[in-house]
Amino acid sequence: MVELRGRGLLGAVTVLTSLGFLLIGFDNGLMGGLVNGKSFSDTFQNPSATMVGLIVAIYEVGCFFGSILTAIVGEQLGRRKSIGGGVIIMIIGALLQATSYSRAQMIVARIVAGIGMGAINSTIPVLQAEFSPKATRGIFVCAQLSTLNFGIFFVYWIDYAFSSHTNSYAWRIPVILQCIFLIPMLIILMVIPESPRWLAAHDRPDECLAVLQKLRGTHDEVAVQRLHGEILQTVAYETSIGAGSWKDLLKNDNIKSQKRLLIACAIQAFQQLGGINAIIYYSGTLFEKSIGFDSHMSSLMSGYLQTWFFAASFIPWFLIDRIGRRPLLLSMISLMAAVMAVQAALIYQVQNTTSIAHAAGIGAAAMLFVFQGAFTIGFQATVWVYPSEILPLRLRQRGSSISTAANWIFNYMIVQITPIAIQNIGWKTYIIFAVLNALWVPIIFVFFPETKGLELEAVDRLFSGDPELELLENDKEHVLETEDVGVENQA
């Protein structure tokens, strides 16, 4: 078996987690471009709007239950087995979807695929956070998010390419294509070790040290031993105060486990309630029903929108570990609130066919591009790294899974209510999203601490202020340099 070390090991972990995020984007955008096609309608006997909504949104229900299942068994299985199990379930779900001839089979297949995605989505941010150097942890997550957005961009253009075809292969091929990302994930899982933090938390300190030596290199054993000691000390401290059981998630102990879980769940819920997936899933509907474009132009504009979404995701690569999580969140969510308020006024003009309706329609289309750019720079760049950073080590898998479940259940709600809201209250839908985004700003300002540049073990100290967690500060500058450069010097 191949033994990866240094940059090769960190690169393999990053490719694995990036493929997992690519699948999130691929599946998020997949059905939106298929359900209105003639081939899909013919296969499933012209399903009603309600049935189409169920087929699209039931996937999120599967993701929710997959996240809850991972919260129950993931900590015992470990990061690799949790991801591997999710990948196998997703492959089964993809095959069931691609071979569907009835609505019932498609609905069941969507649930199965969702369960697999819930397991993957709950675990890959944790795995990446536990392997990444603290000074560049945000950049690695930004790389994953670029692949997530690439998945959305990629599948939208695939859907567009097949939109003029009327045979059932026009929707079956896009569905089965996700397997080209799932199979490499299984291969990578065979050659990477388990997370060193998980090994330490499960009384396997020697294996933890061996993985750290592979990851950080042996040229500076002092730095490796120090990090190993910090991890073990954090495990011992969390064990001594009882952090690790289900009830501890809701206990406001010395390290504020309850508060940290609530923060992790809140940031996931906030991103969905802000309206982003209303745009990703229903961008074609928004361009057609809200702005007034014809169906072909709406499909084309949706593709351009997702292309911009992918391009904009490279911007936070240069910002998240320099500026920090909080400034990006606060500034970009404020912009998102303002954009939605302007959008409401523009859509009002379009829907009431005023004298400036045409210009307002162009402006409304531009606002969707501004909104998605602000989201990917500020919100999306932070929302997946922050829960894994903020949660205690012994509760990280459970807490991450629960926060991911919150993401998926609110995703389901938004996907279900968006077309109904657009049909019934029209432009006022955007006011709701404007108000919600404005509400998040003071909450984040008051309750969400900065985690930029902190080792994961230092976050306990951030919340508790306990002197027992003040670890060997004398050599801090030297260790910061060697830990973060160590990977770069290893091939």
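Which residue just after α3 takes a positive phi? In this predicted model, that residue is Gly 78, with a phi of about 100°.

## A helix with a kink

Let's look at the helix that Gly 78 follows. Helix α3 covers residues 49-77, which makes 29 residues. At 1.5 Å a residue, α3 should span 42 Å, and its end C-alpha atoms are 40 Å apart, so the two values agree.

There is a bend along the way, though. Helix α3 has a kink of about 45°, and the kink is centred on Ala 71.

## Rings in pairs

Now for the aromatic side chains. Searching the whole structure turns up 22 aromatic pairs. Take Phe 150 and Phe 154: their ring centres are 5.6 Å apart and their planes meet at 10°, so this pair counts as stacked. Both residues belong to helix α6 (residues 137-162), where being four residues apart separates them by about one helical turn. Here's the handy rule behind that: an α-helix has 3.6 residues a turn, so residues three or four places apart point the same way. Phe 150 is partly exposed, with a relative accessible area of 28%, and Phe 154 is partly exposed too, at 24%.

Next up are Phe 153 and Phe 310, whose ring centres are 5.4 Å apart with planes at 10°, so they are stacked as well. This pair links distant parts of the chain: Phe 153 is in helix α6, while Phe 310 is in helix α14 (residues 295-312), 157 residues apart. Are these two buried or exposed? Both Phe 153 and Phe 310 are buried.

Zoom out a bit and these rings join up. Ring pairs link Phe 150, Phe 153, Phe 154 and Phe 310 into a cluster that also takes in Phe 26, Phe 181, Phe 314 and Trp 317.

## Charges over rings

Arg 172 lies over the face of Tyr 101, 4.2 Å from the ring centre. Elsewhere, the charged end of Arg 326 sits over the ring of Phe 445, at 5.3 Å from its centre.

## Space inside

What about gaps in the protein? The whole structure holds four cavities of 30 Å³ or more, and the largest cavity has about 140 Å³ of space. It is lined by 17 residues, and the closest to its centre are Asn 28, Gln 271, Gln 272, Asn 277 and Trp 384.

At least two residues of the largest cavity's lining come from each of α1 (6-30), α6, α12 (257-273), α13 (276-291), α17 (357-383) and α19 (396-425).

Definitions and conventions: Residues are numbered from 1 along each chain as its sequence is written. This is a predicted model: local features need pLDDT of at least 70, side-chain atom pairs count only at pLDDT 80 or more; totals for chains, interfaces and linings use all residues. Side-chain values use heavy atoms; hydrogens and water are left out. Rings of Phe, Tyr and Trp (its six-membered ring) pair if their centres lie within 6.5 Å; planes under 30 degrees apart count as stacked, over 60 as edge-to-face and the rest as tilted. Buried means under 20% relative accessible area, exposed over 50%, partly exposed in between (1.4 Å probe, protein chains only). A charge sits over a ring if NZ of Lys or CZ of Arg is within 6 Å of the ring centre and within 35 degrees of the ring normal. The expected span of a helix is 1.5 Å times one less than its number of residues. The bend at a residue is the angle between axes fitted to the seven residues ending there and the seven starting there. On a 1 Å grid over the protein atoms alone, a cavity is a set of points where a 1.4 Å probe fits but cannot get out, and a pocket is an open set with protein on both sides within 12 Å along at least five of seven lines; lining residues have an atom within 4 Å of a point. Grid points are joined across faces, edges and corners, and a volume is the space filled by probe spheres set on the points.
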